[in-house]
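This briefing is meant for a reader who is meeting the structure below for the first time. It begins with one local feature and then turns to the contact between the protein chains and to the DNA.

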Protein chains: 2
Amino acid sequence: MNYSRQREAIVNFLRSAKVKHPSADIVYVNVRKSFPNISLGTVYRNLNLLAQKGEISKVKLPSDADRFDHNTEPHFHIICENCGQIEDVGSGLVNIDVMSIERLSGFSVDSGRIVLKGLCPECRKKLSPTKKKEEKK
Amino acid sequence: MNYSRQREAIVNFLRSAKVKHPSADIVYVNVRKSFPNISLGTVYRNLNLLAQKGEISKVKLPSDADRFDHNTEPHFHIICENCGQIEDVGSGLVNIDVMSIERLSGFSVDSGRIVLKGLCPECRKKLSPTKKKEEKK
DNA sequence: TATAAAAACAGTAATTGTTATTATTTTTAA
DNA sequence: TTAAAAATAATAACAATTACTGTTTTTATA
């Protein structure tokens, strides 16, 4: 599936783990080091294509740019409300009572993706005792 | 806090429960029935203001417009991947192992809001045996 | 290999949900 | 009753993303 050199550079960057859950824009600026003419549209197209093929996964966030993850194993994420940094959360740490939800709501539940919110270690330190961070609108 | 007539109309529409978890746009077209000149900006400003004051709550979704909820009690949501309809999910039905997550990730966890994905009863019927719905990009 | 069809590309324009700006109107309070 | 403050309508700006277009690259096949 890795025909084009641009696509290969994109997937390689993701797997290199230089940046952990990069947005398309971060991928763009990095891949540009080896492909100065690559277009942002190409980055988006390939990231989506790779996600669709299951070679990477896409992490959609509320009010923030999508992130991309070379780890396709099932797991959840937590995002720092202050700086936007994302960390993995093992899928065993969130328990969803699928049966009850389906019974009560009538929905079928796809428990695949969950994004928790919180504060990363660095931002905890920065913001901790003095000022309580204001709620994000 | 309900000074302006427009703001009152907005909060009244939300509480009327004619539509369950409307987006700003849905609020806009409905409030326009009584205030034909109201501006979309006014709707957004007031919805955000009301959410900030805690009179309503804002439900942020990945890759979809924010929704607004007159119910400010703590609870989660599930969104239909096919039609976007949202339903409440009691907060007892999702269990987050906050202690372990905090220990393993170093993050502090704000377990406030979670949005699950699934299929609402209507879309289940529509899509069920024949065609398996395609993954949303 | 040559070459035609298919795929991918760069660059740019368009879309969508939302926020910011601005000049005007409404509300509040002295 | 009138000046200051707040809110408004209308519109522009914005950010993330997708769509479009004409060109280049890749692939497959003769």
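In chain A, the strands S3(A) and S4(A) pair with each other in the antiparallel sense, and four bridges link them. The model is a predicted one, and the values below are computed from its atoms.

**The hairpin in chain A**

- Within the pairing of these two strands, A:Ile78 has A:Glu87 of S4(A) as its bridge partner.
- S3(A) and S4(A) form a hairpin in which five residues lie between the strands, and A:Gly84 in the turn has a positive phi of about 85 degrees.

- The size of an interface is often given as the accessible area that is lost when the parts come together.
- Chain A and chain B bury about 3,400 Å² between them, and 59% of this area is on carbon and sulfur atoms.
- Chain A contributes 41 residues to the contact, and chain B contributes 41 residues as well.
- Nine residue pairs, with both residues at pLDDT 80 or more, are in polar contact across the interface of chain A and chain B, whereas the count of salt bridges between the two chains is zero.
- On the side of chain A that touches chain B, the elements that give two or more residues include the strands S1 (57–61), S3 (76–80) and S4 (86–89) of chain A, and among them are also helix H4 (98–105) and helix H5 (121–127) of chain A.
- The largest share of that side of chain A comes from S7(A), which supplies five residues.
- By class, the residues on the side of chain A that touches chain B divide into 19 nonpolar, nine polar and 13 charged.
- Strand pairing also crosses from one chain to the other, with S6(A) and strand S7 (residues 115–119) of chain B running antiparallel and joined by three bridges.
- In that arrangement, A:Val109 stands opposite B:Gly118 in S7(B).

- Of the atoms of DNA strand C within 4 Å of the protein, 82% belong to sugar or phosphate, while the rest belong to bases.
- An N or O atom in the side chain of A:Gln6 is 3.0 Å from a sugar or linking oxygen of DNA strand C, and an N or O atom in the side chain of A:Arg7 is 3.1 Å from a phosphate oxygen of DNA strand C.
- From chain B, a polar backbone atom of B:Asp66 is 2.8 Å from a phosphate oxygen of DNA strand C.
- Helix H1 (5–16) and helix H3 (40–53) of chain A, together with helix H3 (40–53) and strand S2 (64–69) of chain B, are the elements that give two or more residues to the surface near DNA strand C.

- Of the 17 residues around DNA strand D, the ones that come nearest are A:Tyr44, B:Tyr3, B:Ser4, B:Thr42 and B:Arg45.
- Sugar or phosphate accounts for 80% of the atoms of DNA strand D within 4 Å of the protein, and bases account for the rest.
- A polar side-chain atom of B:Ser4 lies 2.5 Å from a phosphate oxygen of DNA strand D, and a polar backbone atom of B:Ser39 is 3.1 Å from a phosphate oxygen of DNA strand D.
- The surface near DNA strand D has, by class, six nonpolar, seven polar and four charged residues.

Notes
Residues are numbered from 1 along each chain as its sequence is written. Chains are lettered from A and ligands numbered from 1 in the order in which they are written. This is a predicted model: local features need pLDDT of at least 70, side-chain atom pairs count only at pLDDT 80 or more; totals for chains, interfaces and linings use all residues. Side-chain values use heavy atoms; hydrogens and water are left out. Contact means heavy atoms within 4.5 Å. Buried area is the accessible area (1.4 Å probe) that two parts lose on being put together, summed over both. A salt bridge is a side-chain nitrogen of Lys or Arg within 4 Å of a carboxyl oxygen of Asp or Glu. A polar contact is a pair of N or O atoms within 3.5 Å; within protein, one must be able to donate a hydrogen and the other to accept it, and residues adjacent in sequence count only if both atoms are side-chain atoms. Ala, Val, Leu, Ile, Met, Phe, Trp, Tyr, Cys and Pro count as nonpolar, Asp, Glu, Lys and Arg as charged, and the others, Gly among them, as polar. Two strands pair if DSSP finds at least two bridges between them. A residue is near a molecule or strand if one of its heavy atoms lies within 4 Å of it.
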